[in-house]
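Reader: I am new to this one, and I would like to walk through it with you. Could you show it to me before we start?

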Protein chains: 2
Amino acid sequence: MPAERPLVLLTGAAGRIGTAFRQAMGERFRFRLADLRTEGLALTPGGGHEIVRLDVRDAAAAAEACAGAEAVIHLAADPSPTADWASSLLPVNVNGTLNVLRGALAAGCRRVVFASSAHAVAGYPPGEVLPADAPPRPINLYGVSKACGEATCACFAARGLSSLAVRIGAYEAPWLHAHPDPHDLRAYLSPRDLNDLLMRCLVAVDIDYAIVAGVSANHPNRFDLAATRTLLGYAPRDDGFRVFGVTPPS
Amino acid sequence: MPAERPLVLLTGAAGRIGTAFRQAMGERFRFRLADLRTEGLALTPGGGHEIVRLDVRDAAAAAEACAGAEAVIHLAADPSPTADWASSLLPVNVNGTLNVLRGALAAGCRRVVFASSAHAVAGYPPGEVLPADAPPRPINLYGVSKACGEATCACFAARGLSSLAVRIGAYEAPWLHAHPDPHDLRAYLSPRDLNDLLMRCLVAVDIDYAIVAGVSANHPNRFDLAATRTLLGYAPRDDGFRVFGVTPPS
């Protein structure tokens with residue numbers, strides 16, 4: 001009899017990333033699909049999944065959602081680069097991440113995978129190739145909120161909760177097709193590459209804390225992928241310039 | 001006739017660092033000495049200084065305190081490594097720093113010097129020598145709050161407000177004399193070295209944003225001082241192991 005699939009809490013499960021991941025990985029993991037609104041959460045193939053309503057601003061609800069989960073993929077966030085700090089980025093992105101980490105630690109989860117963003121390092125010169133864990137240099141408060149989330153993950157790693165922060169680049173989206181700008185394509189991330197990367201983040205062992213590069217195998221690339229390849233065996237298959245038929249900058 | 005001394009807003013002016021700095025630099029700068037409680041703020045030599053009551057949790061008050069200042073040294077913070085997040089670290093350290101940066105940008109200040117902390121990187125192995133700008137790796141929420149402050153500084157630098165974050169180590173204190181632990185002495189920072197470093201942070205030109213190492217010339221040292229020496233001409237004179245008569249670890 002095969003071992004039971006591990007239970008993974010997926011926050012922000014109704015978003016684009018969560019939807020693609022649960023559809024691709026529904027037979028490998030059991031999911032607890034959590035989001036502010038649950039009506040969009042169709043069950044994924046494979047069965048055994050759960051759906052819960054979760055507002056990550058609610059610490060008790062976040063703790064409850066973690067109970068029994070082996071790992072958490074924390075995608076829930078206000079994704080708007082122009083979001084307001086006090087009314088949204090602080091309660092949702094900063095405190096929401098703290099609530100999920102506290103809940104996961106209390107529940108004895110083995111791993112939290114945090115959806116950070118390339119916005120955390122958007123302030124470096126556009127042509128520069130960055131190490132995956134370049135010191136934060138955001139240009140907006142959304143990026144600040146993601147840098148805070150990374151630091152909070154590191155803090156909980158020191159308390160025994162292993163965590164990985166994924167600096168997600170320009171995830172496949174309609175606006176990329178409308179305006180395939182070379183700067184975005186250097187940070188392009190295809191759904192199948194992110195699905196593979198998140199899966200590797202869930203199952204990797206012997207890691208306390210790391211920041212990894214969430215981009216496809218773009219040439220040229222915003223991030224140096226070497227450390228992420230070595231750490232996780234990540235082998236991205238897509239290249240933004242090829243996907244969009246754009247000649248790379250020389 | 002000598003040029004008028006530049007006006008520097010000093011938040012947290014009544015604390016140990018603020019007190020030492022204004023006493024040493026009162027003839028070079030005019031100070032606006034700001035703190036939650038003003039009764040401890042004796043005027044410094046040189047005259048022309050101001051004293052204002054400031055709670056950095058109050059955004060309007062922080063903006064008002066910045067008016068007319070050429071630069072800001074932002075020391076105000078809850079300094080306790082065990083402080084509570086929601087009731088103190090978040091409103092005082094995180095939002096207080098955002099309030100000061102917003103005020104300084106609106107007031108047209110030329111530079112903000114932010115008192116970050118070696119706590120932002122306390123999670124690296126104890127014997128490791130860190131670059132001044134090592135990616136944050138805090139082990140407590142106080143360190144998280146300082147990492148958030150650094151990221152907020154970087155964000156405002158992108159908006160045109162130059163800032164420097166100083167990762168202050170083990171600043172001269174009675175407890176160091178009682179228990180001169182080698183781990184602390186690697187991060188020792190004497191008052192005269194910090195005074196010199198903060199002065200250099202105020203007057204340096206052509207810097208948008210940087211994180212610098214706030215430690216004396218300890219051997220061995222928690223931080224590699226090379227980048228901070230090059231950037232600012234910082235030339236610390238003290239060595240914690242000599243100051244405390246402790247044999248360095250081999």
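**A walk through the model**

Author: Happy to! A:Pro220 sits in the loop that runs between strand 9 (209-214) and helix 8 (226-232) of chain A. Please keep in mind that this is a predicted model.

Reader: Which residue does a cis peptide bond join to A:Pro220?

Author: The peptide bond in question has an omega of about 0 degrees, and it is cis. The residue that it joins to A:Pro220 is A:His219.

Reader: Thanks! And where is the place of B:Pro220 in chain B?

Author: In chain B, a cis peptide bond joins B:His219 and B:Pro220, again with omega at about 0 degrees. The place of B:Pro220 is the loop between strand 10 (209-214) and strand 11 (223-224) of chain B.

Reader: What is phi of A:Asp206 near?

Author: A:Asp206 lies in the loop between helix 7 (191-203) and strand 9 of chain A. Its phi is positive, in a residue other than glycine, and is near 60 degrees.

Reader: Now the helices. Are helix 3 and helix 4 of chain A roughly parallel or roughly antiparallel to each other?

Author: The axes of helix 3 (residues 85-106) and helix 4 (residues 141-158) of chain A come within 10 Å and cross at roughly 15 degrees. Angles under 35 degrees count as roughly parallel. Helix 3 of chain A and helix 4 of chain A are therefore roughly parallel.

Reader: How many residues of the contact of helix 3 of chain A with helix 4 of chain A are nonpolar?

Author: The crossing of these two helices of chain A is right-handed. Helix 3 of chain A contributes residues including A:Trp85, A:Leu89 and A:Arg102, while helix 4 of chain A brings A:Tyr142, A:Lys146 and A:Phe156, among others. Five residues of this contact are polar and two are charged, and the nonpolar ones number twelve.

Reader: How much area do chain A and chain B bury between them?

Author: The contact takes 25 residues from chain A and 25 residues from chain B. The count of salt bridges between chain A and chain B is zero. Of the area buried between the two chains, 69% is on carbon and sulfur atoms, and the area comes to about 2100 Å².

Reader: Are helix 4 of chain A and helix 4 of chain B roughly parallel or roughly antiparallel?

Author: These two helices, with residues 141-158 in chain B, pack at an angle of about 155 degrees, with their axes 9 Å apart. Angles over 145 degrees count as roughly antiparallel. Helix 4 of chain A and helix 4 of chain B are therefore roughly antiparallel.

Reader: One last pair: how are helix 1 and helix 7 of chain B set, roughly parallel or roughly perpendicular?

Author: The axes of helix 1 (residues 16-25) and helix 7 (residues 191-203) of chain B come within 10 Å, crossing at roughly 75 degrees. Helix 1 of chain B and helix 7 of chain B are therefore roughly perpendicular.

Definitions and conventions
Residues are numbered from 1 along each chain as its sequence is written. Chains are lettered from A and ligands numbered from 1 in the order in which they are written. This is a predicted model: local features need pLDDT of at least 70, side-chain atom pairs count only at pLDDT 80 or more; totals for chains, interfaces and linings use all residues. Side-chain values use heavy atoms; hydrogens and water are left out. Axes are lines fitted to C-alpha atoms, for helices over the stretch in contact, and angles run from 0 to 180 degrees between N-to-C directions. Helices (H or I, at least four residues) and strands (E, at least two) are DSSP runs, numbered from the N terminus. Angles under 35 degrees count as roughly parallel, over 145 as roughly antiparallel, 65 to 115 as roughly perpendicular and the rest as oblique. A crossing is left-handed if the near helix is turned anticlockwise from the far one by less than a right angle, and right-handed if clockwise. Contact means heavy atoms within 4.5 Å. Ala, Val, Leu, Ile, Met, Phe, Trp, Tyr, Cys and Pro count as nonpolar, Asp, Glu, Lys and Arg as charged, and the others, Gly among them, as polar. Buried area is the accessible area (1.4 Å probe) that two parts lose on being put together, summed over both. A salt bridge is a side-chain nitrogen of Lys or Arg within 4 Å of a carboxyl oxygen of Asp or Glu.
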